[in-house]
Structures are given as C-alpha cells and as structure tokens.
Amino acid sequence: MGDHRSQPWLQALSGGVLAGLAPAGLGPLLMIPGLALLWSIAERPRLAALWGAVAVLISHRWLLSLHPLTWMGVPSLLSLPVAVAIWMVCAASAALLVGLWSLLARWSGTPVLLLAAVWGVAEVMLAAGPLFWIGVGGSTLPLDRPLAGLSRWIGAGGLATLQLLWGWAACSLWRRRPGRRRLAVITVASVLLAHGLGGLLLRGAATGQPASEPELLRLAAWQPAIPTREKFTPERRQQFPSALQRALAEADELGAGLLVAPEGTLPVGWTLPDAAPLPLLSGGFRWELGQQRSSLLLLEPGGGEPLPLLDKHRLVPLGEWLPPLPLGLTAGLSAVGGLHPGTPSRALAGLQPAGAAAICYEISDGRALAAASAEGARWLLAVANLDPYPQLLQRQFTALGQLRALENDRDLLSVANTGPTVLIRADGRVHPLLPPLQEGVALAELRPRASTTLYARWRDVVLLPLLVVGMLRLLASR
C-alpha cells in the first residue's frame, strides 16, 4: 500500500505543474485541473504555497535566460546566481500570495464564491504591480478564444474567478460530495453558457461598428532583431543609422504612413534627417528635468525635436529601476543607467486617430488600456524588447495582447525587437507579420473602432457584487 501522507504533497506538485504549463499553451484544459488540485489542499497553507511556487517556476522559467549578465556589469561568477535569485524571488512571491489565500480559506471555512472573487481581484491588482504577472485569467489564450471573448464583459479578473469556480466544482465532483449530479449539471451548463456568450461577443455583440474602409490605419512595423547584449557595442551603433534608413525606405515602398519601432530603439537626442520619407514612432530614451525615461517618441523628417507621446510607467526591477542605495551600489545593475516612471495614463497624446499603448510588460495591465479605450483610444499598440528571452515569453506576450484586444474591442499592433511582431484583430485573431528573431519591415492595416465594451466602461466593478455576496454568506455562516 502507498503512503497516503504523501498524497497531498503530490497533489500540490502536480497541480502547480499543470498551472505552470497552462499559460500560452493548453490553457483551461490544464489550468482547471490544476485549480481543482489546489482546491483539494486549499486549507493547508504550506501545500498551497508549494502549488504557487511550482506554478511560477514553470511559467516564468524564461527568466533563466537572463544569464549571462556580464553585459550589465554583473561579474561572471555572480551572473547565474543572480538570474536564479530573480527566478526564485518570483516563485517566493507566488508562494506567499497563494499561502495567504489558503489562510483565508482556512479562517473563513471556504466560502467558495468569496475565495474565487478575492483571487480575481488580486490578479487585477498584481497586474499593475512591479512583477510581470501571468495569471489564471490570461491563461485562457490562445487556446480558448470563445471563453476569452467573455472578457469584453468581465475582464481578466472575471475569467480568473470563473475558472476558480470551475476548478472547485471539478474538485467537488472528484471527491464525490453529496449533490454531485446537480453540481455536474450546473457546471456543464455554466461552461456552455460562458462559451456561448463569449462566442456571440466575438461576432460583434459589443456596441459600435469598426471604422469604414477609408479610415484604415496603415502602419509599418520594424523588427530590428538586434541582440540586447550587442546593442551598445561600437559596431552596432555604427550600423544603426543605415539600418534605420533602410527600414524607413521599405516602409515608404509598402505605402505606410508611419514606421513603428520597438521599445528602446532610439538613443537620447536622435532626430530624423530631411530626406526621411515618413515619420517614425519609436521607443527610445529621453531626459526630462534630470530624469531619464523610456518613452514612445514621434519623430518628423527634418531634424526637429522628438515629440514624447508616452512614458513607460511600470519599470522592470533591477533592469530599469532600483531603489537608491548608498555608496553607489546600484551602479552597473541597469543597462540603461536607471529610469523614472511616467504618468499612469496609457493614452497616446497628440496622435490621430487616438490610440493607447503599452510598453513591454505593461501589456499585462488590462485596466490601464481599458481606461484609455473608454477615454477615446480607437486602436492599441504594444512595443517591447523581449531579447534575450526565449519564444516561450513571446507566446505569453502575444496571448496577453489577444486578451487586451478582446477586452477593449480594438485592433492591437505588437512591435518587438526580436518578436512578437504581430497584428491582433479585435476578435482576438492573430496575424503574424514577421518571423521571430529575423530583421524586417511589414505592413499592418488596423481598423480604428469607436465602440466601448462593458469592461472598458466599468472595468472590474463586476467583481464587487461577488465579493459582497461572498462576505454576506460568510457572515451568515458564522
């Protein structure tokens, strides 16, 4: 006979593995069984913490590609330990959060609705924090587009709450609790209803219609494919002006009105010559009041000063931002010398038609782009530099871009240094523009849209009634 004492640990490990493999993969097919295993140990904080740590260790394994960090000034002997430490800090953060959720489950006697809603609200809050958070809600894509279509009403937090409830139902059915036939009927009906409503929303149930054909926005996307570790070498700096000129010429031949370049492409003080055939919208760096910022800059031909449209608000710990430390201990840890954040708004000021943008992992924050869409943004842009990370992160980034397009009923253009450079339609369909890791220029035709989804209008207010009902049930039971 087996040792039954080890079974809960196996449930925590296997559930974490399933949840870690779900993002940008089989999505709910793995996530819901993983959540069911979490519910089976929900009142055991140590096991729940193990579940969270394993899930993030697997989903964020691309962090190990930070090594080697010698180009950032980290000694070679410390490079791998630093990369592993960053990976472990992310896993420890997830362990702490899921452990706290488990403590709530133990204290409250597991009111399921409250616990699921708390998880959904927590994901929304974490998505605006300093870590690149890939939650349960974002794991629905690319596999389950009909379910993700429901995000036009309930957002990523609502999708997370729904999957938590389905995971609890699966756990209850597995344990053969009383009333399981009725629970099975309710669960199957809710799954079918959610997918049916999501599918209808994908077919245009949201208010408003796409812009007419003459209003197509023709943008050229440039994927420089410059390895980040080589970007600041003298050879690359010497090659950059001619590479940019070729990209502008190709964009002009494609009939684009604007060339879009990824995050961090331009150094401080860069201008376009008079001979440039069209304007450039590019990620780059600038100084303002003694502070360096990573921005989206609009450059017109003729050498005028770049017009800053947007500053990056969420900065990467260590890579872009560190708290001030004495004796210059932070020097050398940032590849760009330390940055300061811009304002929270993601609206592209001064660009027509009005748009909104996310720089790098700001794509995980659905609320910021939803607020910009509600204020009039008619299309979305994501610029990033995901090198030296592997294509796993590119797939996760694309899935988050799909979710943002669905939540807001907006076309989204993603332009990144090594990929993903793709066009995502408002219904979540992905059109690859350039192969990963290859330099090139491609034309994207976006359809600006004036509709406003329920999520863009109300954001995560839909989760508040669930929290209230859950609290009332908790008070009644006590």
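Helices (H or I, at least four residues) and strands (E, at least two) are DSSP runs, numbered from the N terminus. Residues are numbered from 1 along each chain as its sequence is written, and side-chain values use heavy atoms, with hydrogens and water left out. Please keep in mind that this is a predicted model: local features need pLDDT of at least 70, side-chain atom pairs count only at pLDDT 80 or more, and totals for chains, interfaces and linings use all residues.

**Stop 1: two cis prolines**

Select Pro 420, in the loop between strand S8 (412-416) and strand S9 (421-424). The peptide bond that joins Gly 419 to Pro 420 is cis, with omega near 5°. Now jump to Pro 68, in the loop between H3 and H4. Here the bond from His 67 to Pro 68 is cis, again with omega near 5°. As background, most peptide bonds are trans, and most residues other than glycine have a negative phi.

**Stop 2: positive phi**

Pick Asp 409, in the loop between H11 and S8. Asp 409 has a phi near 55°, a positive value in a residue other than glycine. Is Asp 409 buried or exposed? Asp 409 is buried, with a relative accessible area of 1%; buried means under 20% relative accessible area, exposed over 50%, and partly exposed in between (1.4 Å probe, protein chains only). Next, find Arg 459 in the loop between helix H12 (454-458) and helix H13 (463-477). Phi of Arg 459 is also positive, near 55°, and Arg 459 is partly exposed at 23%.

**Stop 3: aromatic rings**

Show the side chains of Trp 39, Trp 51, Trp 101 and Trp 119, which ring pairs link into a cluster. Rings of Phe, Tyr and Trp (its six-membered ring) pair if their centres lie within 6.5 Å; planes under 30 degrees apart count as stacked, over 60 as edge-to-face and the rest as tilted. The whole structure has 8 aromatic pairs. One of them, Trp 39 with Trp 101, is edge-to-face, at 5.2 Å centre to centre and 70° between the planes. This pair links distant parts of the chain: Trp 39 is in helix H2 (residues 28-40) and Trp 101 in helix H4, 62 residues apart. Both Trp 39 and Trp 101 are buried.

**Stop 4: a charge over a ring**

Select Arg 314 and Tyr 361: the charged end of Arg 314 sits over the ring of Tyr 361, 4.7 Å from its centre. The rule asks for NZ of Lys or CZ of Arg within 6 Å of the ring centre and within 35 degrees of the ring normal.

**Stop 5: two cysteines**

Display Cys 90 and Cys 360. The sulfur of Cys 90 is 13 Å from the closest cysteine sulfur, in Cys 360, too far for a bond. A disulfide is a pair of cysteine sulfur atoms within 2.5 Å, and the count comes to 0 disulfides. Cys 90 counts as buried at 13% relative accessibility, and Cys 360 counts as buried at 11%.
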